[in-house]
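This report covers a strand pairing, the sheet around it and a pocket.

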Amino acid sequence: MVSEALAYQAKNIITSATRVCLPMSRNPDPDAVGSAAALAHWCLSLGKPCVLYVAGDSVLARHIAPLGVDCIFDAALLPRDINVVVTVDSGDLGYSGAAEVCAVLPVSPTVINIDHHKSNTRYGQCNIIAEKAASTTQVIFDLFKKCGMVTSREMAECLFLGLLCDTHGFTNPSTTPEALEMAGELVGLGADPAHLQKQWFRTGSLQSLRALGRVLAGSGMSRPWQVAYAIAHEPNRPREGNGISNLFNALGEGKAAMILKEREGGVIHCSMRTTRDDVDLAELAQFFGGGGHAKAAGFTIKGEIVSIGEGQWKII
């Protein structure tokens, strides 16, 4: 998955760093947070100071940041001696949060780009991209192995978290034999699947379920395109927004599912899912400036979703 040459290139860059920054996007999912946290543990084991940076707040990042590693949410507060940036689970530099980091530094840092998305633009000086990996944490686990890194229990928990997220609890097409083998190894290293599932994925409330019901009540099917859709307006949008996309994956009709979610600042995020082999959602997402995988992708556009009657919607 990861060549030894790339693995040692990444290790040498980190070993020579003064300080490492591990940025995440504005709404990092458990794969991104687990990846960054596992890499933070690696930096500490190499004796390298590091910081986590999140473009927006993240309870998960705050919780699993290793002891001795600051989790910073304002780029203006970042240390200025950062000279290596390691991005995770991000198809382009802007989405990764790294652009905000680079903007405040006096000297451009070396960027290591670790990802598993087909749409990744290879924006780093060192690009470790494995499109067939189930999660970015799977790429990092292989990286650790190639570098001879001993994976601790804390690192195993971080890595398992990302795998659990991107396979949707080992139920989607990303659940390959290699992914299941990795899961077994991580459990052997101390990861607790039941605890992780309960703490980070079974956190819904009655209020969020009601909000989900309102969203599903307005769902429909675009027959010409055979795409199921749902609209999640900001006032009624469940916190578990990605859960809606995964629910639509269980449909026996249609080629794909599209969830449009309004966010602050006049922004609409579209999440798309499919289980079909003849549909490539990454190509569609890239057309709108987004990215992802063939079976799970997304993009963000400016606009507002308005009803035009009879269950139909328009973006203005």
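## Strand pairing

Val51 stands opposite Asp70 in S3. Strand S2 (residues 50-54) and S3 run parallel and are joined by three bridges. Strands are DSSP runs of E with at least two residues, helices runs of H or I with at least four, both numbered from the N terminus; two strands pair if DSSP finds at least two bridges between them.

The model is predicted: local features need pLDDT of at least 70, side-chain atom pairs count only at pLDDT 80 or more, and totals for chains, interfaces and linings use all residues. Residues are numbered from 1 along each chain as its sequence is written, and side-chain values use heavy atoms, without hydrogens and water.

## Sheet and helices

The open sheet has six strands in the order S3-S2-S1-S4-S5-S6, with parallel pairing. Strand S3 (70-72) and strand S6 (126-129) are at the edges with a single partner strand each, so one side of each has no neighbour in the sheet.

Helix H1 (residues 4-15) lies across S1, S4, S5 and S6, at about 135° to S6. Helix H2 (residues 30-45) touches S1, S2, S4 and S5, and its direction makes about 170° with that of S1. Contact means heavy atoms within 4.5 Å; axes are lines fitted to C-alpha atoms, for helices over the stretch in contact, with angles from 0 to 180 degrees between N-to-C directions.

## Second largest pocket

A pocket is an open set of points on a 1 Å grid over the protein atoms alone where a 1.4 Å probe fits, with protein on both sides within 12 Å along at least five of seven lines; lining residues have an atom within 4 Å of a point. The second largest pocket is lined by 22 residues, with Ser222, Trp225, Val227, Met258 and Leu284 nearest its centre. S9 gives the most to this lining, four residues.
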